[in-house]
Each structure stands twice: as structure tokens, then as C-alpha cells.
Amino acid sequence: MNVFIFDNTFEGLLTVVFESFKLKILPDAIVCKNKYQPSLLDVSFEITTDVLKAERVWNGIKAKTSKEACDMVYHTFLSGMDNIGMIIFHYLQLTFSTNYNVSVNYREESVLQIRQIQQKVLKEAHRMFMFVRFQKTSTDIYFAPIQPKYDVIPLIGKHFKNRFRDQIWIIYDTERDYGLYYDLKTVEEIKLEQHSINKSSGKIDATLLEEKEECYQILWKNYFDAINIKERKNLKVQMQFMPKRFWNYLPEKNNG
Amino acid sequence: MNDTILEKLNVLANAAKYDVSCSSSGSSRSNNGKNVGNTVSCGICHSFTEDGRCISLLKVLLSNHCIYDCAYCVNRSSNDIARAAFTVDELAELTINFYRRNYIEGLFLSSGVMRNPDYTMERLMNVAKKLREVYKFNAYIHLKAIPGASPDLVKQAGLYADRMSVNIEIPTEQNLKILAPDKDFASVYQPMALIKENIIISKEERKKYRKSPVFSPAGQSTQLIIGASPESDRQILQLTSGLYDFQKLKRVYYSGYVPVTLADNRLPALKQPPLIRENRLYQADWLLRFYEFKVDEIVNDEFQHLDLELDPKLSYALRNPHIFPIDINKADYEMILRIPGVGVRSAKLIVHSRKFGRLNESHLKKMGIVLKRAKYFITCNQLTDGHKDILPSIIRRNILNEKNKLLKRFNENQLSLFGDLLI
């Protein structure tokens with residue numbers, strides 16, 4: 001088995017593609033370094049990420065297909081699904097071996113698969129726009145915890161910056177332990193060394209909150225109950241649109 | 001905690017909930033660095049209540065005092081309920097604080113009629129005006145137009161709103177007059193026509209001068225109550241079609257009548273709201289707007305009521321067997337849209353993909369087409385095409401059996417917590 005090892009970044013994956021084409025060796029598996037378990041049957045290739053090589057592959061995809069197709073690959077990578085390296089590799093193999101823009105030929109299984117994964121990732125990002133709930137601290141920072149299924153942090157900063165331009169905010173992925181910080185000028189990725197976030201309820205320590213914060217959460221909860229029409233109860237549809245995994249960070253649902 | 005605000009919010013949200021419009025879409029306005037928030041044209045749903053409907057705006061009445069006594073309305077003057085009213089600042093603070101926490105896209109503001117239509121319309125407009133000019137609120141505002149309000153006030157209001165609406169409620173004037181003797185269609189159609197004209201004028205002016213004022217950029221909508229009065233689905237859908245074609249409405253909403261009045265013999269004594277019928281009407285509405293259907297293909301003189309057991313597209317297909325089977329690889333997009341089990345997204349996928357080669361049933365399955373339904377209506381010119389020439393009544397029976405099997409399995413696996421299912 002030919003195993004290519006990389007650092008689990010998108011640039012790393014593109015470098016794998018570059019090296020594989022250069023060495024003319026097809027991978028049987030693409031594994032990230034901290035998950036790799038060496039075996040006697042494997043021929044392993046440890047790939048060092050090279051931004052220039054990654055860029056050449058990226059530009060190659062764009063030239064063969066389109067900017068949208070490039071984004072499609074990047075979004076698919078963010079899904080972090082099992083074996084996503086090989087799924088993307090097969091798609092890129094197809095891209096480079098056809099003489100037309102294959103990214104819109106949904107008859108090809110590989111193309112349909114990539115597109116369907118991308119749709120899932122984009123849907124999860126949109127759900128962040130829907131379900132992020134800010135808590136206001138006494139220092140006027142609006143803080144929101146999230147627990148997305150896929151790594152959508154890179155996709156959501158622009159929306160929140162454009163919308164909440166005049167307030168300092170932080171959005172933090174409590175599972176992946178990193179997030180975004182907006183200081184009224186730019187959005188940056190951050191990692192909090194210590195934090196007082198309760199992972200299961202998403203709440204930060206009550207002493208840090210602005211004095212009216214709890215009031216607004218109570219008002220929101222009341223509104224949520226008041227606007228409901230009991231004679232039209234339909235829990236199935238509610239759960240379809242708002243799966244239970246989001247409930248613990250929603251003030252209207254987390255009973256806290 | 002200000003208890004008065006909490007009480008007011010409870011009363012005035014409860015009073016507003018039967019106006020089912022929930023959209024925050026159709027307007028795209030960016031933040032200019034000196035105001036609060038923005039709008040995005042796709043709209044965003046922020047939460048979902050136990051009735052399955054979405055919350056995207058803070059939907060409240062400015063006041064639920066009302067001089068009218070419409071039989072179907074929970075806020076009618078003869079109803080003994082708590083009455084309240086917000087001050088402009090109370091409402092503005094609430095809206096902005098909810099917005100900053102990402103709970104909502106904006107405000108949906110209606111009101112009971114206080115004193116007279118003009119007084120009410122002016123009060124509504126002042127809330128929107130203060131939000132925009134003093135609080136610098138740049139997010140979504142949906143403002144109701146009060147039937148009977150003067151044209152000047154309606155015209156002014158549209159400058160502050162993203163969307164406006166005025167509700168028809170009862171689909172025919174004669175039935176409206178039985179349930180709400182003070183009301184008539186003219187008082188609804190006048191503001192509706194005025195809003196339509198001003199939207200058109202504003203769009204034309206803006207093509208010439210970019211700085212021309214914007215008027216209700218997300219258009220206007222209306223609501224029809226289903227089941228409070230005896231109109232047929234055909235009457236309702238013909239009205240709908242006219243509203244889309246001539247009044248250029250963005251949306252018509254259907255609100256299944258929730259019995260809010262006991263012992264008024266002008267209203268039917270329903271045990272529960274007609275939710276399945278309401279769902280079928282929405283499906284028919286979708287056929288008009290996205291599937292290029294004409295009204296009389298869905299309902300007509302011979303077929304005045306929608307089938308409750310089947311969705312309107314399938315019902316149409318079973319009544320028109322002569323247009324099937326449709327050739328997946330050759331038929332126009334408009335015909336592909338008519339295949340039961342094929343939605344707009346799938347239809348587009350089919351039309352894009354078949355440029356690269358023939359499609360067969362395995363391709364269709366991977367694309368997400370519901371073959372259990374579609375198989376009776378399509379051909380891929382394969383040797384295995386064996387589903388044709390089956391009688392519509394047999395197809396209907398087969399599809400309903402499938403559906404009932406699924407329903408039975410679902411019910412057996414679930415707790416009795418789950419209420420009515422809309423399939």
C-alpha cells in the first residue's frame with residue numbers, strides 16, 4: 001500500500017497531489033500524521049507542506065474547471081470526513097485527466113459525491129448564521145460558543161463581520177478549541193488558553209456577563225413560547241429544521 | 001428585570017402569532033459602518049417553535065387594542081383578553097438587543113386598530129422611522145399596512161420598510177362581510193395597489209438615479225385564512241394566481257383557521273385547524289411559482305378541491321396520463337418539472353448532466369430523485385422500462401400503500417409526543 005502522510009491542512013493535501021503526480025505514484029491512502037500507524041506492508045511517503053506547490057495545484061484546478069470548483073474542493077476538505085483525502089484525490093485525478101470542465105458533469109460519481117459533501121458543509125455554515133447566540137459580557141464583548149459538525153469557522157467570519165460591524169465579538173468552536181475574534185477592524189483566528197465556558201451549556205461564567213444579559217435571555221425564551229401556536233404542534237418538523245444537537249447552546253431550548 | 005416589558009411581550013407576541021408571514025428575504029442592504037446590522041437577500045431563520053414554524057423576526061403588535069370586532073380574530077373588541085401597548089422606545093430597545101445577540105433578522109410590526117386606521121398607521125410608521133433614523137437600525141423591517149389608511153401614510157411607511165403587507169384574510173368579500181361587518185375588500189385593495197405602484201415607480205427611478213429612495217424592496221405579501229369560511233380551493237387558488245400575476249405580490253400565506261371563538265355560529269366548529277389542507281395549498285402555491293403550472297391545471301371546474309391524500313403535482317399527473325411517460329433525456333425542462341418525485345433542484349441537475357451523456361435510472365437515484373414515485377412517469381429508453389401502461393388508479397394505490405407503510409413504521413418507532421404529520 002502506498003500511504004501518503006500529511007499535516008491535515010488543505011495546503012498539505014494539495015502538496016500531496018503535487019508530489020503524487022511528480023513521483024508518478026498513486027496513493028492508496030492519504031493519512032494525517034497524528035493518525036498514522038506504521039505497518040510493514042506500507043510504503044510511506046511523508047509529505048512536507050509547500051505553499052508554492054499547493055498554489056500550483058490550486059491554479060491548475062482553476063484553469064481546468066473554475067473558481068467555483070476550486071471552492072467546492074476546499075469546502076469538501078473542511079468536512080473532515082473519513083477518507084476525505086482519497087475522495088478529493090480521485091476527484092482531482094478525474095479533473096486533470098479530462099479535456100473539458102468535468103466539475104459540472106454530475107453523471108460522474110466522483111463529481112456528484114464532492115458536490116453532495118460540499119452542500120452538507122455549506123448547510124452547516126448557514127446553520128451557524130441561524131443558531132449563533134451571543135452573550136454580552138460586562139466588557140461589551142459579544143461571545144458565542146458553537147459546536148458545528150464540520151470545521152466551518154473559515155466560512156463564517158465574513159458574514160458576522162459585515163453584520164455586526166460595530167460590536168466586538170468572539171465565536172468559539174468548543175470542540176475544535178479555536179475560534180474567531182473581531183476587534184472592530186479585522187477578524188482573526190484565536191485559541192483561548194483558559195476560558196470559563198461550560199462546554200455542555202455553552203454559557204460563560206455568570207459573573208462575567210453584563211447585568212441585563214440574563215433579562216434578555218428570559219425575554220427571548222418568553223417570546224419563543226408566546227409566538228408558538230399550540231394547536232399546530234409538530235415536533236417532527238421542528239426537529240427536522242432544528243436538530244437536537246443545536247439545542248444546548250440555544251437559550252430558548254437549554255433550560256438554563 | 002422589568003416585569004412590565006415581560007408581560008407586554010407575552011401579550012403582544014401572543015396577539016401577533018396568527019399572522020403567519022415569517023420571511024426575512026428579498027432585501028440586500030449592507031452596513032455602512034455608521035449603522036447597526038444589515039440584510040441578506042436569502043433571509044435567515046433563527047429558530048423554530050414547537051408548531052414547526054420558523055422565527056426570523058421579532059413579530060409583535062404595537063398594541064392589541066382594537067375598535068373592530070372581526071369574528072375570526074383573537075384581538076376582536078368583544079374578546080375578554082389582556083390588552084397592552086409598547087412605547088416606541090421599549091420596542092426599539094427590545095429589537096436592537098435581540099438583533100445584536102443574533103436572535104432575529106429584524107422586526108415584524110402590526111397592530112390592532114387604535115382609534116382609527118390613520119392614527120394606527122401613523123403610530124406604526126413612527127416606530128419604523130425612529131428605528132431607522134435615531135437608532136440607526138439597518139436590518140429587516142416588515143411593516144403592516146392598515147386597511148383604510150390614507151395613501152400618504154402608506155407611502156411614507158414604505159420608505160422605512162423592507163416589506164409591507166395588508167391581509168385579505170377571508171377570500172371572498174361576501175363572506176368577509178358576514179364575519180367582519182366593518183370591513184370590505186376596497187379598504188384592502190387600495191393600499192395593496194398603492195404599494196404595488198410605489199414599488200414599481202421606485203425601481204424605475206433607481207434605474208436612472210441610484211440615489212432615489214427605496215420603497216419596500218422585498219415587495220409585499222398577504223394572508224388568507226383557510227377554513228373559517230366555505231370557499232373552495234379553486235376560489236382560493238384563482239385569487240392567489242391573480243395576486244401574483246396582477247398585484248405582483250411576492251408571497252401569499254395560508255393560515256389554517258385556529259378556532260379562537262367558541263359559540264359563534266358564523267364560524268365552523270372545527271376540532272383542529274385544517275393543517276393538511278393548508279399544506280396542500282402551499283404545495284399548489286409552489287407549483288404556480290416554481291414549477292410553471294397554470295391555476296386551471298391544478299384546480300378547475302371539474303376538480304374544485306385539492307386531493308388531501310396526494311400532493312397536487314402527483315394528483316395532476318394521475319389525472320393527465322396522456323402526457324406521460326416523459327423522456328428524461330430529451331424532454332424540455334418544463335416537462336421534467338412535471339414528473340412526480342422530481343423537484344426543481346433535481347430537474348436542473350438532470351438538464352445539466354444529460355449534456356454529457358445518457359442518463360439512466362441509477363444516475364437518477366444518485367441525484368436524489370424519488371424513484372418510487374417517478375418510475376411510473378418516466379422513460380430512459382432502457383430495456384427494463386416496464387412501468388408504463390399501468391392504470392392511474394393502480395399507481396395511486398401503490399403510492400399510498402408505500403406511504404402508509406412508512407407512516408406505520410415511523411409511528412411504531414416514535415413516542416406519542418409527535419403530533420400531526422404533514423407528508
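1. Some housekeeping comes first. Residues count from 1 along each chain as its sequence is written, and chains are lettered from A in the order in which they are written. In this predicted model, local features need pLDDT of at least 70 and side-chain atom pairs count only at pLDDT 80 or more, while totals for chains, interfaces and linings use all residues.

2. Chain A splits into domain 1 (2-124) and domain 2 (132-249), with bounds from an automatic or database domain assignment. Their centres, taken over C-alpha atoms, are 33 Å apart. The contact between them (C-beta atoms, placed from the backbone, within 7 Å) takes 5 residues from domain 1 and 6 residues from domain 2.

3. Chain B has 15 helices and 10 strands; these are DSSP runs, H or I of at least four residues for helices and E of at least two for strands, numbered from the N terminus. Its C-alpha atoms fill a box of roughly 70 × 55 × 45 Å along the principal axes.

4. Of the 423 residues in chain B, 43% are buried, meaning that 20 or more other C-beta atoms, placed from the backbone, lie within 10 Å of the residue's own. Among contacts in chain B with a separation of 6 or more, 69% join residues 24 or more positions apart.

How values were computed
Contact = placed C-beta atoms within 7 Å. Buried ≥ 20, exposed ≤ 12 C-beta atoms within 10 Å, placed from the backbone.
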